[in-house]
Amino acid sequence: MPSTHDWINNPLGVVEGMFAASQNNPNSGWEAKAVEYFKDRLKEKDAHTSVPSLNDVPLHYLKPNSLVKFRCLIQDMYDPEFFMGVYETVDPSTNAKVLRCGKYKDVTECGVDFNSRNTVTAERQTFYCVPIPGENPWVKDSYAGSSQTRVLPSTSYVPSRQKRSYEEDDDMDDMDTQPQKQRDPHTGPHCPAEQHGNGDCKRQETEAPSSQVASASHLDLNFPLPGEKGPSCLVKVYKDWDNFKLNDTLEVFGILSVSPALSALADEKDASSSLLDPTECMETAAEQRVHSPPASLVPRLHMLYAKPLPHNNPLLPSITLEDNSAFLSSTLSEMASVRAELLTYFTHVLLGDALAAEYLILHLISNVYSRRDVLPLGKFTLNLSGCPTVASYTERLYQILQQLVPSSFYLGMSLQNMNQMRLVPKKDYVANRLVSGALQLARNTSLFLDETKLEQGQLDTTGVRNVTALGNVISWQKVDYDFNYHQMEFPCNINVLIASEGRSLLPSDCQIHLQSQVAVPQMEEYMSSIHMHPQASSQLNKLRIYLSVARLLDYSISDELTKSVEDDFVDMRKDDPQSISAEDLHRMLVVARLLSLSLGQTSLSRDSWLRAKHIEELRRSRMEQHKCVNGNEP
């Protein structure tokens, strides 16, 4: 069987070897066997860490047609496309005919016999994938650090200034470069060079002509969040594409295609390119720009295998917790002590307020675990009111949370942001794509809404629509995507934390008013002392693992405890029926669930229920006191 070097560096060689062997046995099922082969290789110990990642390695350092991986979110799904699954080539000197496999590549060899009766047309789906929105720097660094691949520039070519990284694209907005029309005839669309089985394949400078480089800054990569960096990718899917949904997070393993001919096809508007791609004449210019961007900027990835990502915390095992009992048991045994450390830390961060620290922990481990009709179960949006407006407190609080959660986004709710930002994705029918919005986020992303940035002024139509969209995320965990003539509902699972001075104008599941123990003049000095030192990274990692594991645990309530909770509810309503509502009971049950999980307990105990009742009484008492002092606040 092929060595590690072969199946990573030349996966097409493996595929074509299996295809050739299947010619004598048409029912061999070679396609499924090829996929299983790569799956088995990747299951070997640490094998996946040997596969280079598009997230970590600059594109021009990766070998064309090699096996790579990409941690991503499905941002858009394009229409299916047809390709030649099997085709026949003719050697012009000997007239010898050879059957070739067309899977997992974009460009065929020269000498294709288009009239051959052996040609098999097949179908594949294309997903437009972007890096996971809001993924925090510690996550990227940890994934990159765990990789065993050490990619160095190939000796077969020298990267030049034309091969810029994605991060440099924004710095080149003012570059005015004339399109380069001349290309090496051997890499043009008429006779693409053979793209497979060539271990020393050289990537010539024609791969990234200056016209494409100049357009890099003008090419909208459609990232959901502003200021995002990294590659986007067109992922070609060959089977079971109905199993994937928009906004799924995946780790895709596939064959990298950056053929210069793809870029040539995108640029050429003459008849010959229409012959190569008959569908091109049916596309508008805007659609073609979006669906056929330069391969040097938006590479193609031919999927062999995709692993759904239930989370993107690199500190957790790549397999599910249930399949790693040793890790789970050791983590559960430490959860109570780690929780105590986190509670102390958050108490310090929240200006000495231990009760608010309790609720912040519960919020961070909340997760929509099920839906009953339209009601999402498990969500716990927290409104942290009473936040100081001095010393950039809310920004610093967000920066601290950024160090703990894998993905997050800070949204300052200024009038300008509300009136100008695109929060809801919108369908562009001219370019035939879904234009992303800031609420197109991966599951379990932490969304930090800073209401302290609110100012006097008028919300326009966009602003009202954006506030409504935020309310829908909080109340129903859904985003209504704009398809012009109708709206389409997409469920989400976003942890929303609202920081405000008074009560938020947005709904929430729970409000707690911050009781600061720090005087305003000392606030700046106090906040400066909070940041964890770099040498505390092992301690930070404990907290990061704790928050992710608590969110992934299963939970149940025994029949006995259910009866006990019902009896308690009846007793509480006996004295004063108005003192507690069904909504209050629901909140207490959510708090009890999260409190149990925060202690590593997967079922509700009597002690956890009593503790949940106690902290809810403390919170409600505080809110009543605050309402008496601030009678004009709702």
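The model is predicted. The protein contains 19 helices and 18 strands. Of its 634 residues, 53% count as buried. The accessible surface of the protein amounts to about 29500 Å², and carbon and sulfur atoms contribute 51% of that area. Among contacts in the protein with a separation of 6 or more, 78% are accounted for by residues 24 or more positions apart.

Helix 10 (residues 325-349) takes part in two of the packing arrangements described here, one with helix 12 and one with helix 11. With helix 12, the packing angle is about 160 degrees, and the axes are 11 Å apart. Because angles over 145 degrees count as roughly antiparallel, helix 10 is roughly antiparallel to helix 12. The crossing of this pair is right-handed. On the side of helix 10, the contact is made by Tyr-345, Phe-346 and Val-349; on the side of helix 12, by Tyr-393, Leu-397, Ile-400 and Leu-401. By class, this contact of helix 10 with helix 12 has 7 nonpolar residues, with no polar and no charged residues.

Helix 12 itself (residues 393-402) is mostly covered, with 7 of its 10 residues buried. The buried residues are Tyr-393, Thr-394, Arg-396, Leu-397, Tyr-398, Ile-400 and Leu-401.

The packing of helix 10 against helix 11 (residues 354-364) has an angle of about 120 degrees, with the axes 8 Å apart. Helix 10 is therefore oblique to helix 11. This crossing, too, is right-handed. Helix 10 contributes Arg-339, Leu-342, Leu-343, Phe-346 and Thr-347 to the contact, while helix 11 contributes Ala-354, Ala-357, Glu-358, Leu-360, Ile-361, Leu-362 and Leu-364. The residues of the contact between helix 10 and helix 11 divide into 9 nonpolar, 1 polar and 2 charged.

Val-565, Phe-569 and Met-572 in helix 17 meet Ala-582, Leu-585, Met-588 and Leu-589 in helix 18. By class, the contact of helix 17 with helix 18 comprises 7 nonpolar residues and has no polar and no charged residues.

Two residues illustrate pairings between positions separated along the chain. Pro-52 is located in the loop between helix 3 (30-43) and strand 1 (67-77). Since its relative accessible area is 10%, Pro-52 is buried. Pro-52 and Phe-253 are 201 residues apart in sequence, and their C-alpha atoms are 9.8 Å apart in space.

Ala-20 belongs to helix 2 (residues 11-21). With a relative accessibility of 48%, Ala-20 counts as partly exposed. The C-alpha atoms of Ala-20 and Arg-100 are separated by 8.1 Å, although the two residues are 80 residues apart along the chain.

Key
Residues are numbered from 1 along each chain as its sequence is written. This is a predicted model: local features need pLDDT of at least 70, side-chain atom pairs count only at pLDDT 80 or more; totals for chains, interfaces and linings use all residues. Side-chain values use heavy atoms; hydrogens and water are left out. Contact means heavy atoms within 4.5 Å. Helices (H or I, at least four residues) and strands (E, at least two) are DSSP runs, numbered from the N terminus. Ala, Val, Leu, Ile, Met, Phe, Trp, Tyr, Cys and Pro count as nonpolar, Asp, Glu, Lys and Arg as charged, and the others, Gly among them, as polar. Buried means under 20% relative accessible area, exposed over 50%, partly exposed in between (1.4 Å probe, protein chains only). Accessible areas come from the Shrake-Rupley method with a 1.4 Å probe; for residues, only the protein chains shown count as cover. Axes are lines fitted to C-alpha atoms, for helices over the stretch in contact, and angles run from 0 to 180 degrees between N-to-C directions. Angles under 35 degrees count as roughly parallel, over 145 as roughly antiparallel, 65 to 115 as roughly perpendicular and the rest as oblique. A crossing is left-handed if the near helix is turned anticlockwise from the far one by less than a right angle, and right-handed if clockwise.
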